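Welcome! Here is a short briefing to read with the model open beside you.

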Amino acid sequence: MRVIRPASLADDARRHRLQLGALIVLGVLGVASGLLAGAGSPASAITLGTSAAVATAMALSLLVGAARMNPDRRAARELESLLAGAFDDSYTLVLMPRLPIRGRGLSGLLVGPPGVRVLTVRRWEGQYRVRGRTWEFDAGGRHGWVPCRTHPGFEARGLADGVSRWAAEMGLGQVPVVPAVAFPKRSSHIVLEEPVEEVITTDNVPWWANSIGHVQRYDPASCARFVRVVLEATERLAAGSFAAQRGTASHSTDTA
């Protein structure tokens, strides 16, 4: 499966790798300094203290950065991990696409021979059940199964309808679009009883990938064109958002 990530997501991963590498280097220096300090060298003791302080600061920075990661970016990374290895190179996963459609929570588009899967991620924990169009969670005790306060299936269908309308407006024709809700966390336990929407969990990924792979609705040229138009739309919206932010900042400076 080919994966197309937004630059911001790649930058996050690169930054965390660099920070982790720096921590490892400083840790090695700290151990070496500690050994020398044990031999009675004052300079080594100072080096040990400095390295330990810097390593601690870097560790705190890494932890704070991870905690502050945008929820949408975190969902996209987990979605990629969930689907990794489930599809061949005839499929393309576009993470965090930006399209002019209503609704939030569009984590990715999986484009391949079966068509387009509009993916939205839920990072829920606990026990849930999907029966037809009904979503419930296990409240425990005498309460039993209780309707969920939000309806992921409804939200996924809304996103899929938006993608379908957008594709038609862009001259892509009748694109086979299907909504799907993904649960990438192993702490999400989902009981599936003939759900209307497709639901992907850590337990059923292989089965789901095999089931949709039996349907061939979209030829390679159409897949490539769809991905290209999605990326062009994402770039336009990202550029427009950046320009708007610069304009706002400039206006604030002028009026200050």
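What covers the buried residues of helix 5? The cover includes helix 3 (71–83), strand 3 (108–112), strand 4 (115–121) and strand 10 (198–201), judged by contact, meaning heavy atoms within 4.5 Å. This is a predicted model, where local features need pLDDT of at least 70 and side-chain atom pairs count only at pLDDT 80 or more, while totals for chains, interfaces and linings use all residues. Residues are numbered from 1 along each chain as its sequence is written, and side-chain values use heavy atoms, with hydrogens and water left out.

**The whole chain**
- The protein chain has 6 helices and 10 strands; these are DSSP runs numbered from the N terminus, with helices being H or I of at least four residues and strands being E of at least two.
- Of its 256 residues, 39% are buried, where buried means under 20% relative accessible area, exposed means over 50%, and partly exposed is in between (1.4 Å probe, protein chains only).
- Among contacts with a separation of 6 or more, 63% link residues 24 or more positions apart.

**Helix 5**
- Helix 5 spans residues 205–213, and its Val205, Trp208, Ala209 and Ile212 are buried.
- Those residues sit on the same side of helix 5 because they cover an arc of only 95 degrees around the axis, taken from the directions from the helix axis to the C-beta atoms.
- An α-helix has 3.6 residues a turn, so residues three or four places apart point the same way.
- Pro206 and Trp207, on the other side of helix 5, are exposed.

**The sheet and its helices**
- Six strands form an open sheet in the order 1-2-3-4-8-10, with mixed pairing; two strands pair if DSSP finds at least two bridges between them.
- Strand 1 (2–4) and strand 10 are the edges, and each has a single partner strand, so one side of each lacks a neighbour in the sheet.
- From one strand to the next, the twist averages 25 degrees.
- Strand 2 (residues 92–95) and strand 3 run antiparallel and are joined by 4 bridges; leucine 93 has leucine 110 in strand 3 as its bridge partner.
- Helix 3 lies across several strands, including strand 8 (177–183), and runs at about 165 degrees to strand 2; axes are lines fitted to C-alpha atoms, for helices over the stretch in contact, and angles run from 0 to 180 degrees between N-to-C directions.

**Threonine 234**
- Threonine 234 lies in helix 6 (residues 220–255).
- Threonine 234 counts as buried because its relative accessibility is 17%.
- Leaving out residues up to four places away in sequence, threonine 234 touches Pro97 and Arg98.
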